Amino acid sequence: MTQFEELPEECLSTILSRTTPVDVGRLSLVSNTFRSAADSDAVWNQFLPSDSQFMDSIISNSPSLANFHSKKALYLALSDHPIIIDNGLKSFQLDRKSGKICYMLAARSLSISWGDEERYWKWITMPNSRFPEIAKLCFVWWFEIRGIINTLALSPNTQYAAYLVFKMIDAYGFENETVDLTVGVKGADSNTKIVCLDPNIEPGPLIDRWYNERRPRPHNIVGLQCPSVRSDGWLEIKMGEFFNSNLEDEIEMSVMEIKGNGYKGNFFLEGIEVRHKEDN
């Protein structure tokens, strides 16, 4: 490591900028020389979105970001907390480990069947939501939610996963029905994931019943899954994955249950989050 430390700080910064934020953090512990290079704006500027106009728009939505006088501090701020943009319709955040761009589409930005009819859905505030309002399901028989995101808004050459973010408070109707989740390029065939949204129900019997009612089994059905609790207290369930190959595509994400024979209610929708999928 001594030979590296003999390099000019500018050279070390250039080398570090071609790694990842996690690597930079680890290498900063090697020596004072590495720490100085690892804290430089030249390194952390490489981990921030390169579009200066886009960054200006993000900062304008959260003016306190303008007070950070180093690129590292700005990066950490953008990875610590979501920034609400587009008049409350989306949130923006950087993945702390990779620097990849992540978004959550607010419920207001999604297409919800009968979402504008108050007897079916109501728009309310919830103290622990990042958005000004969320959608509360009062009751419906058919349950359908769709969202779209353009891949140009995301980090290129990156594997992404989409997650439905919601709560259930005294919910009913979901314990007896499975829900279809799909993620894929709009207009193209997508895999369907069959899940149970109720976190208190074992999905196995429901999935078996779903299969038995649909013979022969569809070829594009994948996965068995239940929701998990997020660090912010909301539930999330993985809808699917896609690879952003740096071509302009519209990714459509859908949640659907239109075959059940009972009504549903007390489902609270915050949105759909699209975030970098970590390697595992």
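Trainee: Let's start with E273. Which residue does E273 form a salt bridge with?
Mentor: E273 forms one with R275, and the closest N and O atoms are 2.6 Å apart. Keep in mind that we're looking at a predicted model.

Trainee: Okay. Is E273 buried or exposed?
Mentor: E273 is buried, because its relative accessible area is 8% and the cut-off for buried is under 20%. R275 is partly exposed, with 22%.

Trainee: Why would two side chains like that pair up?
Mentor: Side chains of opposite charge can pair when their charged atoms come close.

Trainee: What else does E273 form a salt bridge with?
Mentor: R230, with the closest N and O atoms 2.8 Å apart. That pair links distant parts of the chain: R230 is in the loop between β12 and β13, while E273 is in strand β15, 43 residues apart. Both R230 and E273 are buried.

Trainee: Which residues are linked in that network of salt bridges?
Mentor: R230, D232, E236, E273 and R275 are linked in it.

Trainee: And how many salt bridges does the structure hold?
Mentor: The structure holds 16. Another one of them joins the side chains of K238 and E241, at 2.4 Å from N to O. There, K238 counts as buried at 18% relative accessibility, whereas E241 is partly exposed at 33%.

Trainee: Switching to rings. How many aromatic pairs are there?
Mentor: The count comes to 16 aromatic pairs. Take W114 and Y120: their ring centres are 5.9 Å apart and their planes sit at 50 degrees, so the pair is tilted. W114 is partly exposed at 36%, and Y120 is buried at 17%.

Trainee: What about F143 and F174, how are their rings arranged?
Mentor: Those two are edge-to-face, because their planes are at 80 degrees, and their centres are 5.3 Å apart. This pair also links distant parts of the chain, with F143 in strand β7 and F174 in the loop between β8 and β9, 31 residues apart. F143 is buried, with a relative accessible area of 0%, and F174 is buried too, at 1%.

Trainee: Which residues form the aromatic cluster?
Mentor: W114, Y120, F139, W141, Y172 and Y263 form one cluster.

Trainee: Where does R108 lie?
Mentor: R108 lies over the face of W123, 3.9 Å from the ring centre. K167 has its charged end over the ring of W234, at 5.0 Å from the centre.

Trainee: Let me ask about E257. Where is that one, and what does its side chain make a polar contact with?
Mentor: E257 is in strand β14, and its side chain makes a polar contact with the side chain of K264 at 2.7 Å. E257 is buried, with a relative accessible area of 4%. Leaving out residues up to four places away in sequence, E257 touches W141, W142, F143, E177, T178, V179 and K264.

Trainee: Last topic, backbone angles. What is phi of D170?
Mentor: Phi of D170 is near 55 degrees, which is positive in a residue other than glycine. Most residues other than glycine have a negative phi. D170 is found in strand β8 and is exposed, with a relative accessible area of 66%.

Trainee: And what is phi of N266?
Mentor: Near 60 degrees, again a positive value in a residue other than glycine. N266 lies in strand β15, and N266 counts as buried at 19% relative accessibility.

Technical notes: Residues are numbered from 1 along each chain as its sequence is written. This is a predicted model: local features need pLDDT of at least 70, side-chain atom pairs count only at pLDDT 80 or more; totals for chains, interfaces and linings use all residues. Side-chain values use heavy atoms; hydrogens and water are left out. Helices (H or I, at least four residues) and strands (E, at least two) are DSSP runs, numbered from the N terminus. Buried means under 20% relative accessible area, exposed over 50%, partly exposed in between (1.4 Å probe, protein chains only). A polar contact is a pair of N or O atoms within 3.5 Å; within protein, one must be able to donate a hydrogen and the other to accept it, and residues adjacent in sequence count only if both atoms are side-chain atoms. Contact means heavy atoms within 4.5 Å. Rings of Phe, Tyr and Trp (its six-membered ring) pair if their centres lie within 6.5 Å; planes under 30 degrees apart count as stacked, over 60 as edge-to-face and the rest as tilted. A charge sits over a ring if NZ of Lys or CZ of Arg is within 6 Å of the ring centre and within 35 degrees of the ring normal. A salt bridge is a side-chain nitrogen of Lys or Arg within 4 Å of a carboxyl oxygen of Asp or Glu.
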